[in-house]
Amino acid sequence: MNIAADIFVNDKPADPAETIQFAVSGCDVGKVLVGRSSRGVCAILLGTDVEELELELGKIFPDDLLIRSGPAVKDETCKILHVLSSPTASLDIVLDIRGSSFQRKVWEALRTIPAGRPLTFAQLACRIPGSKSLRAIGQACAENPIALAIPCHRAMGNSGSLSNYRYGADCKRSLINREVAAA
């Protein structure tokens, strides 16, 4: 999966309460929720249950107004579904990345990992300026609300462990296997 020409719209702080429009679609790994603020895609969540995905979105953005609107996220959803079925395709979407300075460093480093070439957390740490705490890096990966566009599934334990992935080891294995096969 190549992530190309994304625009980071994170210079402005998030409004205390804003509208996030979202939709849930079926996909090759179950279901995908795509959420979009006025600045860009702020959530790509994977799962198997629509209600659980909606609850997770509410936990991530507790102060925002969440509105189900397929038409509002249609273009982004189509691009994301295309990347899920064709892991070498580019994902050209505007992102609204919200996180601490450290989380953003980790997420930027994750975006440098080519599809089909997963790294260990220790290898990922070498790409991150400043702190090298593997626990903090793992926590930043776990708190990533924009799966696929910020490919946290490409980071694994030093032993090759696929555990501790937000969406489960089976989903992580599926995503990595698809990328390896396509690469």
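This is a predicted model: local features need pLDDT of at least 70, side-chain atom pairs count only at pLDDT 80 or more; totals for chains, interfaces and linings use all residues.
Let's start with helix H2, which covers residues 74-85. At 1.5 Å a residue, its twelve residues should span 16 Å, and the end C-alpha atoms are 17 Å apart, which agrees.

Which residues of H2 are buried? They are Glu76, Thr77, Ile80, Val83 and Leu84. Looking down the axis of H2, you'd find these buried residues within an arc of 125°, so they line one face of the helix. An α-helix has 3.6 residues a turn, so residues three or four places apart point the same way. Over on the other side of H2, Lys74 and Asp75 are exposed.

## What sits over the buried face

The cover over the buried residues of H2 includes strands E2 (19-27), E3 (30-36) and E4 (41-47), along with helix H6 (169-182). Zoom in on Ile80: setting aside neighbours within four places in sequence, Ile80 is in contact with Val32, Val34, Ile44, Leu91, Ile93 and Leu148.

## The nonpolar core

Ile80 also turns up in the largest nonpolar core, which has 51 residues. Together with Ile44, Leu46, Leu110 and Leu124, Ile80 touches the most other members. Strand E4 gives this core its largest share, six residues.

How many of the seven residues of E4 are buried? Seven of the seven are, so E4 is largely enclosed by the rest of the structure.

E4 runs antiparallel to E3, and six bridges join the two.

Conventions
Residues are numbered from 1 along each chain as its sequence is written. Side-chain values use heavy atoms; hydrogens and water are left out. Helices (H or I, at least four residues) and strands (E, at least two) are DSSP runs, numbered from the N terminus. The expected span of a helix is 1.5 Å times one less than its number of residues. Buried means under 20% relative accessible area, exposed over 50%, partly exposed in between (1.4 Å probe, protein chains only). The arc is that of the directions from the helix axis to the C-beta atoms. Contact means heavy atoms within 4.5 Å. A nonpolar core is a set of buried Ala, Val, Leu, Ile, Met, Phe, Trp, Tyr and Cys residues joined through side-chain atoms within 4.5 Å. Two strands pair if DSSP finds at least two bridges between them.
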